[in-house]
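Dear colleague,

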Amino acid sequence: MVASCLPGVVSGQIILGDSLEELKNIPDGSTDLVFADPPYNLQLERELLRPNNTRVDGVHHEWDKFGSFAAYDVFSHAWLAECRRILKPDGAIWVIGSYHNIFRLGAALQDLGFWLLNDVIWRKTNPMPNFRGRRFTNAHETLIWASREEASRYTFNYEALKAFNDDVQMRSDWLIPICSGPERLKDDGGRKAHPTQKPEALLARILLAATHPGDLVVDPFFGTGTTGAVAKRLRRRFIGIERDADYARAAEERIAAAHPLSAEDVKILRGKRSETRIPFGTLLELGMIEPGATLYDAAATLKAQVRADGTLALAGEQGSIHKMGALVQGRPACNGWTFWHFKSEGGLQPIDVLREQARRQLGLALL
């Protein structure tokens, strides 16, 4: 739906208008993630030609032209300040750029109070060659990922990204082809509909890394709608702002043709750190363990008695499951949930099993 104004936070809107003005209509603290692909300020002074003298279809549009670095900085600070305002306290932003502008954007982010988390290098498998042979082939772009502030508890789906990467930690250099083939939108004349259209694979990785299904993603430079198409497919809500009517119409058609995955297919793999905390005392309150019960180590060579206050007693010492686990091993720390075991019909099991049962009983199981 292409709209001329934004009457509140409504998912799936493409707002036709100036990004800075339309961002002002989004309420404070309403947004989970901002993805921004702003003008690069390429400072091109003349046409770029191939060796055969054919013209390179690059970025020669008025929206990418600024009178000076100072003018670009004023523009950047203004829209970034609005993005910070609309982010939730635990929200985050991803900004992409080239060597022409990314360093200025990084400085602006820090000036405004954002907390930089990573710079990610998008390595292009098929970059445009350097036709003049006077510089290196520009084969990458840089993304900056920043939380709203240093104290933000930002979303990072670490376990999901690790599984995506064959159980190896996801690195900060991403090898992804540029947008080409059927994915590259064309205008009626067969030319690129937008000169800097980003590949859906890039946006998919960002949204999988930094959002959950149902989160609201705002893109203030929406272009032909890559963010919206990927957000719809991954069941994220989105708002896109675009001042060019042709780009907005192309985005609307593209997103209308996108099909959401099932709710099951977009569930995020989450690890222990993201689970709701369950104290050991909760197991006593739920009757899963009784005061006076005995807990064992995995070899059943150690026996500790459960006290009514949720502590364990062993060899004249008393403390938490973690403190007592560390004490009997002579170590500075211990995960008592996996160290201590209870007896069941199937033999000894770690008390972590009971913690999972408690989560389900309390309705805290992860969706």
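Which residues form one aromatic cluster? In this predicted model, the cluster consists of Trp94, Trp145, Tyr154, Phe156, Tyr158 and Trp174. Within it, the rings of Trp145 and Tyr154 have planes at 85° and centres 5.4 Å apart, so they make an edge-to-face pair. Trp145 is buried, at a relative accessible area of 5%, whereas Tyr154, with 34%, is partly exposed.

A search of the whole structure gives eleven aromatic pairs, and one of them joins Tyr72 to Phe75 in a tilted arrangement, with 6.1 Å from centre to centre and 50° between the planes. Both residues belong to helix α2 (residues 69-86), where they are three residues apart, or about one turn of the helix. Tyr72 is buried, its relative accessible area being 1%, while Phe75 is partly exposed at 23%.

Charged side chains also meet aromatic rings: Arg84 places its charged end over the ring of Phe114, 5.9 Å from the centre, and Lys124 lies over the face of Trp122, at 5.1 Å from the ring centre.

As for the chain as a whole, it has eleven helices and 15 strands, and 43% of its 367 residues are buried. Of the contacts with a separation of 6 or more, 66% are between residues 24 or more positions apart. The chain exposes about 19,000 Å², of which carbon and sulfur atoms supply 51%.

Conventions: Residues numbered from 1 in each chain as written. Predicted model: local features only at pLDDT ≥ 70, side-chain atom pairs only at ≥ 80, totals over all residues. Heavy atoms only, no water. Helix = DSSP H or I, 4+ residues; strand = E, 2+ residues; numbered from the N terminus. Buried < 20%, exposed > 50% of the residue type's maximum accessible area, 1.4 Å probe, protein only. Contact = heavy atoms within 4.5 Å. Areas by Shrake-Rupley, 256 points an atom, 1.4 Å probe, with all protein chains shown as cover. Phe/Tyr/Trp six-rings, centres within 6.5 Å; stacked < 30°, edge-to-face > 60°. Lys NZ or Arg CZ within 6 Å of the ring centre and 35° of its normal.
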